[in-house]
Amino acid sequence: MTKTQRLIELMMRVYDKPTFTAEEMAAEFGVSYRTMLRYLHELSGMGVPLYAEPGRRGGYTLLQSGQVANMTGQRITKAHSFERMVRPQTYVIGLEFQAPFTAVYMSQVMIPKLWIELERRQHEIPRQTRTGVKTGVSLSRTRLYHYIAGVEVSHFHEVPEGMVGIVLPSREYAVYSHFGAPDRAEIDQTFLLLMDKLRQQGLELEISGYALEIRPSDPLARICL
């Protein structure tokens, strides 16, 4: 298990058990107290809202959203209309993140780390089809939040270790351009704005369908539902 995978598992456990001690978590994960303390400090540094009581027997509490200030920056969007586009069957290989949908902070913290790791490992992915373009694949309208930070490939020949592949069927998408910061909170706000525009025009969302983030090398992102 990689360190990133261990931190993801620990983060999921923290959201399931919002009050705990470092020793409890160390015993549960089979690591030393000192190692668990380091992991918890890393989660805190990544933005997980943990409040710590000092001391070896001190506990940790996960702060609720109303207790945390300035978790997202000023939203920057422009009121552009969306386009409709039919995309052919698409193959994507990348790094995966899954978590209960209620654990909203987890996606805000972990997804940017996926993109950083993908930048480091992108050369391992064979048969890439769109130079300078990355594709985020997300399913956020079910109880489980599923996200893949990846690139499109011509077909699956070999999936690098620690990565996953997904096949997206040919379907029609609504396409909208995101203007603003590339962080998770800003993109999610654009996503919600697009869904609202669709509802205003009487269009129904496909609950089981994956949304795409087409990320060119410039800051503009195209969001597809």
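Tutor: Buried means under 20% relative accessible area. Keep in mind that this is a predicted model.

Student: Is Arg 121 buried or exposed, and what is its relative accessible area?
Tutor: Arg 121 is found in helix α4. The cut-off for buried is under 20%. Arg 121 is therefore buried, with a relative accessible area of 11%.

Student: Where is Gln 122 found, and is Gln 122 buried or exposed?
Tutor: Gln 122 is found in the loop between α4 and β6 (134-139). Leaving aside neighbours within four places, Gln 122 is in contact with Gln 128, Lys 134 and Val 151. With a relative accessible area of 16%, Gln 122 is buried.

Student: How are the rings of Trp 115 and Tyr 147 arranged: stacked or edge-to-face?
Tutor: The structure holds 4 aromatic pairs. In one of them, Trp 115 and Tyr 147 have ring centres 6.4 Å apart. Planes over 60 degrees apart count as edge-to-face. The planes here are at 80°, so the pair is edge-to-face.

Student: Which element supplies the largest share of the largest nonpolar core?
Tutor: That core has 38 residues, and Leu 10, Leu 50 and Phe 97 touch the most other members. Elements that each supply at least two residues include α1 (3-16), α2 (22-29) and β5 (90-100). The largest share is 7 residues, and it comes from α4.

Student: What is Leu 10 in contact with, leaving aside neighbours within four places in sequence?
Tutor: Leu 10 is among the residues touching the most other members of the largest core. The contacts of Leu 10 are Met 25, Phe 29, Met 36, Tyr 39, Leu 40 and Leu 43.

Student: How many residues are in the second, separate core?
Tutor: Val 137, Tyr 173, Tyr 210 and Ile 214 are included. Over the ring of Tyr 173 sits the charged end of Arg 171, 4.4 Å from the ring centre. The second core has 13 residues.

Student: What is the relative accessible area of Leu 168?
Tutor: Leu 168 is in strand β8 (residues 164-168). Contacts of Leu 168 include Pro 88, Val 92, Val 137 and Tyr 173. The C-alpha atoms of Leu 168 and Val 92 are separated by 8.0 Å, though the two are 76 residues apart along the chain. Leu 168 is buried, at 2%.

Student: How many residues of β6 are buried?
Tutor: In a regular strand the side chains alternate between the two faces of the sheet. In β6, Lys 134, Gly 136 and Ser 138 are buried on one side, and Thr 135, Val 137 and Leu 139 on the other. The strand is largely enclosed by the rest of the structure, because the buried count is 6 of the 6 residues.

Student: Which residue in β10 is the bridge partner of Val 137?
Tutor: β6 runs antiparallel to β7, with 5 bridges, and Gly 136 stands opposite Ala 149 there. Another 5 bridges join β6 to strand β10 (residues 211-215), also antiparallel. The β10 partner of Val 137 is Leu 212.

Notes:
Residues are numbered from 1 along each chain as its sequence is written. This is a predicted model: local features need pLDDT of at least 70, side-chain atom pairs count only at pLDDT 80 or more; totals for chains, interfaces and linings use all residues. Side-chain values use heavy atoms; hydrogens and water are left out. Rings of Phe, Tyr and Trp (its six-membered ring) pair if their centres lie within 6.5 Å; planes under 30 degrees apart count as stacked, over 60 as edge-to-face and the rest as tilted. A charge sits over a ring if NZ of Lys or CZ of Arg is within 6 Å of the ring centre and within 35 degrees of the ring normal. Helices (H or I, at least four residues) and strands (E, at least two) are DSSP runs, numbered from the N terminus. Buried means under 20% relative accessible area, exposed over 50%, partly exposed in between (1.4 Å probe, protein chains only). A nonpolar core is a set of buried Ala, Val, Leu, Ile, Met, Phe, Trp, Tyr and Cys residues joined through side-chain atoms within 4.5 Å. Contact means heavy atoms within 4.5 Å. Two strands pair if DSSP finds at least two bridges between them.
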